[in-house]
Amino acid sequence: MDWDQVWVGAHIATLCEGGEPYGVLHNSALAVKGERIAWIGSAAVARQKAEEYEVPIHDAEGLWITPGLIDCHTHVVYGGDRVAEFEQRLCGVSYEDIARAGGGIQATVKSTRDASNETLLAATLVRVRHLMGEGVTTLEIKSGYGLDFGTEKRMLEVARQVAVLLPVTVKTTYLGLHALPVEYRLERRTYVNQVSGPWLQSLAAAGLVDAVDAFCENIAFTLDETAQFLQAAQELGLPSHIHAGQLSDMGAAELAAKFSALSVDHLEYVSQGGIDALAASDAVVVLLPGAYYFLRQKTPPPVEMLRRAGVPLAVASDCNPGSSPCTSLLLMLNMACTLFGLTPEEALSGVTRNAARALGAFRDIGTLEVGKRADFALWKIARPAELAYGLGVNPCVAVVYRGQLRR
Ligand code: NIG
Ligand code: FE
């Protein structure tokens, strides 16, 4: 028998497209061989086979199984916090004003540069463990709070270390263009050249870069600077993400389409032309309701237009100290529904199927299908919409990661 173990009796939300809502299979079973899903079928058949071939059975009667959740946009590696800035913003100072005055991202750059590897790693592990507690089996981690070669490298090394120390998959992103570091204040061009040239090459050669990202915004980098970086990445065969349209429309959606970016993230501000360009590309739009909420923004992303254009939507935590100090992906499901108008099914697709696409990993993860990685979460819920319903509620009872029970 080609099964190592089998989970029997659960309702399985496969999140596969084209069939039942959520790809639901009632009273089913899922068998695992090694790291992979070996079989999905009826509970009765599974019980019989498991008995016959003496395969260990896990009783999942009455539980729901979904793919392991995927947080496809995080900045979980950072030093310090931005609590003082939070207080300032509550007194009326804007996020942009704080950034222009040298706070914001620059403040976190300073505390990240000052933090030892041990401190950075310890703080990161706390955040990642919290995400994992809610069923996360894969997360993306960006650099971008170092902005000098050494600290960016340390951040990416910490990100890689996470996957060595914890049972979770990490995709790393070199966010070289996050903010202009103070030491390059008068040499913008030199900085972009460094990031797009020797720094990118050497981080990639060290095996630390799965993708690149740029913050294309009036308080960050221009369209041309973003294009230069993405071009350099493309020449190295590296895919890209873009922080686009968070505070204004710079035309980054069109640029993302041009470079076949994996994802365009935030996108509160985008034109119809930008949406059309995305629709004609394979890019996923990653919605970040935590940042929208925390910065008390007023213009939500044009979800209905994106939906009509058929652009796949993902949802992520954007976990970072400045705009989304959040380590709950389930809370993001709720906010994607309440603040952005996603259906619970769209929201759940956004942290599974479409999040996998946003990481270029759909062949391996994101839905429950034979041959895909056996990453799944077991939930004590009555129906899948409940995952987006609760606020601060965690119905995760167990996680299977690469075919092994995680807790
Ligand atoms: O995704 N937009 C740029 N980067 C982060 C926020 C960074 C910060 O404020 O520290 C984001 O919102
Ligand atoms: Fe971000």
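I began with the iron ion, ligand 2, in this predicted model. Its protein donors are His-73 (NE2), His-75 (NE2), His-243 (NE2) and Asp-318 (OD). I read donor distances of 2.1 to 2.3 Å. Along the chain, the donors follow the spacing H-x1-H-x167-H-x74-D.

His-73 has 0% relative accessibility, so His-73 counts as buried. His-75 has 2%, and also counts as buried because the cut-off is under 20% relative accessible area.

Next I turned to ligand 1. I found 15 residues around it. Arg-82, Tyr-95, Tyr-145, Gln-246 and Ser-323 come nearest. I looked up the make-up of this shell: four residues are nonpolar, nine are polar and two are charged.

I went through the polar contacts of ligand 1 one by one. For Arg-82, a polar side-chain atom lies 2.8 Å from an oxygen atom of the ligand. For Tyr-145, the distance from a polar side-chain atom to a ligand oxygen atom is 2.6 Å. Gln-246 meets a nitrogen atom instead: an N or O atom in the Gln-246 side chain is 2.7 Å from a nitrogen of ligand 1.

How much of ligand 1 does the protein cover? I noted 100% of the 320 Å² of accessible area that ligand 1 has on its own. Last, I looked at the cavities. The largest cavity is the space that ligand 1 takes.

Terms used: Residues numbered from 1 in each chain as written. Chains lettered and ligands numbered in written order. Predicted model: local features only at pLDDT ≥ 70, side-chain atom pairs only at ≥ 80, totals over all residues. Heavy atoms only, no water. Near = heavy atom within 4 Å. Polar contact = N/O pair within 3.5 Å; in protein donor to acceptor, adjacent residues only side chain to side chain. Areas by Shrake-Rupley, 256 points an atom, 1.4 Å probe, with all protein chains shown as cover. 1 Å grid on protein atoms, 1.4 Å probe; cavity = no way out; pocket = protein on both sides within 12 Å on 5 of 7 lines; lining within 4 Å. Sits in = over half its atoms within 2 Å of the grid points. Nonpolar A, V, L, I, M, F, W, Y, C, P; charged D, E, K, R; others polar. Donors = N, O, S within 2.8 Å, 3.2 Å for Na, K, Ca; no water. Buried < 20%, exposed > 50% of the residue type's maximum accessible area, 1.4 Å probe, protein only.
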